[in-house]
Amino acid sequence: MDIRVTEADVVVVGGGSAGSTAAVEAQQRLPRGRVVLLEKAHIKRSGAIAIGMDGLNNAIIPGHSTPEQYVKEITVANDGIVNQRAIYEYARNSFAMIQELDSWGVKFQKTRSGDFDVKKVHHNGSYVLPMPEGYDLKKILTRMVKRAGVRVVNRVMATRILVADGQVAGVMGFDTREGHIEVIKARAVILCCGASGRLGLPASGYLHGTYENPSNAGDGYSMAYHAGAELSGIECFQINPLIKDYNGPACAYVTGPLGGHTVNAKGHRFIESDYWSGQMMLEFYRELHSANGPVYLKLTHLAPETITEVERVLHQTERPSRGRFHEGRGHSYASDLVEMHISEIGLCSGHSASGVWVNEKGETTVPGLYAAGDMACVPHNYLLGALTYGKICAQSALGYLDRTPAVEPLASAVDAERERILAPLSRKSGVAPHQYEYKVRRLVNDYLQPPKTGNRMTLGLEYFMRARDELDEVTASSPHELMRVMECHFIRDCAEMAARASLFRTESRWGLYHYRLDYPEMDDRRWFAHVNLKKDEDGEMVAFKRPVEPYLFPIDDGERTTYQRLRIPSEEQSASL
């Protein structure tokens, strides 16, 4: 396979929401510069939203909330383990991002007076901004990328960040259709590769039937790690409520403001807020596995016109297949409760707190390497956070270019990565990538799915380390299959990260996300710290504590325990009519 070498000032890896915004911002600020956007699929339908989205979960709109209120809300929801400066940087820039999206043609729900129509779903503040016609969002982002003049390279999968003299030197990967090797020399790289969505195995057993976008296999987590960057909060898993037998959420941020809520089999509402937090998920898990389970989404009490509105939003934008699913089951929101369950585990900072460590500038611990979106550790960042931090990373990267000369990638590193990429094509026999992936992800379920125990996770880690050696037995017969093999590398790396971080933090925190049966209590005295991972000098993964920086906005004792008081006491529960 031949090697194609190109040069760029900035390379953005991943063409989803964060990547598209980062590329637009970088190219607009560097009109004569070379900005390259790499996407392993096609930018037209790539990223977690794929088509569009039905709302923004974390909009800080003047008159409804303030950046300070939002930072405190997320601090409390994440049990205090946050970098408030990074959250605040998002919060103070997010409204300007909404206004820019509005000017691009993204349609938000507004009141008759023309103001943004903000709804309340979070336990405390009001941050949800509906987008009932948000199905054009990805099309609009793609149009802006083209207008800015960004060079888009579709169907090229990045596999490694090239580093020389301790700083970024470029990106390496391969074309998933033709198979040639791509080397892009660059002074700055912005990783926007999304969540690690193919970590746990869905109850259906389908490899791609995941809650998160299945094309996001932890690519960015793995590439950042092998480049020398720190990762943080990997033990804080993403786990979501979803519809039973359907890989989609109950969408509390859509149904909640319209009157929908979660109930148990008795019809009793057992939690005060359906906003997804670790504590909410723990209460959900406990109710599901109690004598009061299963758990349901209840909409039957709503007026017909309200149910029509729910169907219009949920069945046309984020997951159009949802309406067909209910129709096939003969279910109606007006007469039937919607059975809910719990998703497989994943790594995602956008919905939880597990990602690549970044500061308020989007900088990782490797000079010239930036991260945004679901893979960057800015807890509960969601779609708007991805868009906003895409811009922040672009601005930071251009400042880095002004003060840092380029370095040349090491020829030995390029040769080694080329050999690693192409090795599966030369194997005459071995394990098919889908078989390897299924086994690793089933082991993730067996040994890492909460509630966690040290014994199970230790055994799981042994399996994941053996699986590292077994990667040398995985084969490929085409460039497309080679992409699946490289995703197996990413998935295994993330499994090891999840096991090591979870074993290191010997307490329970974030509700179900890191609930250890052998250490069931939260221990602020020993564990009020970030747990970070990195590659040591011997090339092995190590875990360590990073102190939580002093808060910009202190949290008093009454605020700190807000999310621990979600459960409605049994004596106060009554059937929801």
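Helix H12 passes helix H13 in a left-handed crossing, meaning that the near helix is turned anticlockwise from the far one by less than a right angle. Helices here are DSSP runs of H or I with at least four residues, strands are runs of E with at least two, and both are numbered from the N terminus. This is a predicted model, in which local features need pLDDT of at least 70, side-chain atom pairs count only at pLDDT 80 or more, and totals for chains, interfaces and linings use all residues. Residues are numbered from 1 along each chain as its sequence is written, and side-chain values use heavy atoms, without hydrogens and water.

**The helix pair**
- The axes of H12 (residues 433-448) and H13 (residues 454-470) come within 9 Å and cross at roughly 165°; axes are lines fitted to C-alpha atoms, for helices over the stretch in contact, and angles run from 0 to 180 degrees between N-to-C directions.
- That makes H12 roughly antiparallel to H13, a term for angles over 145 degrees.
- Residues of H12 that meet H13 include Tyr436, Val440 and Leu443, where contact means heavy atoms within 4.5 Å.
- On the H13 side, the residues met include Met457, Tyr463 and Phe464.

**The whole chain**
- The secondary structure comes to 16 helices and 19 strands.
- The C-alpha atoms fill a box of roughly 70 × 55 × 50 Å, taken along the principal axes.
- Of the 577 residues, 61% are buried, that is, under 20% relative accessible area with a 1.4 Å probe, protein chains only.
- Among contacts with a separation of 6 or more, 76% join residues 24 or more positions apart.

Key. Angles under 35 degrees count as roughly parallel, over 145 as roughly antiparallel, 65 to 115 as roughly perpendicular and the rest as oblique. Buried means under 20% relative accessible area, exposed over 50%, partly exposed in between (1.4 Å probe, protein chains only).
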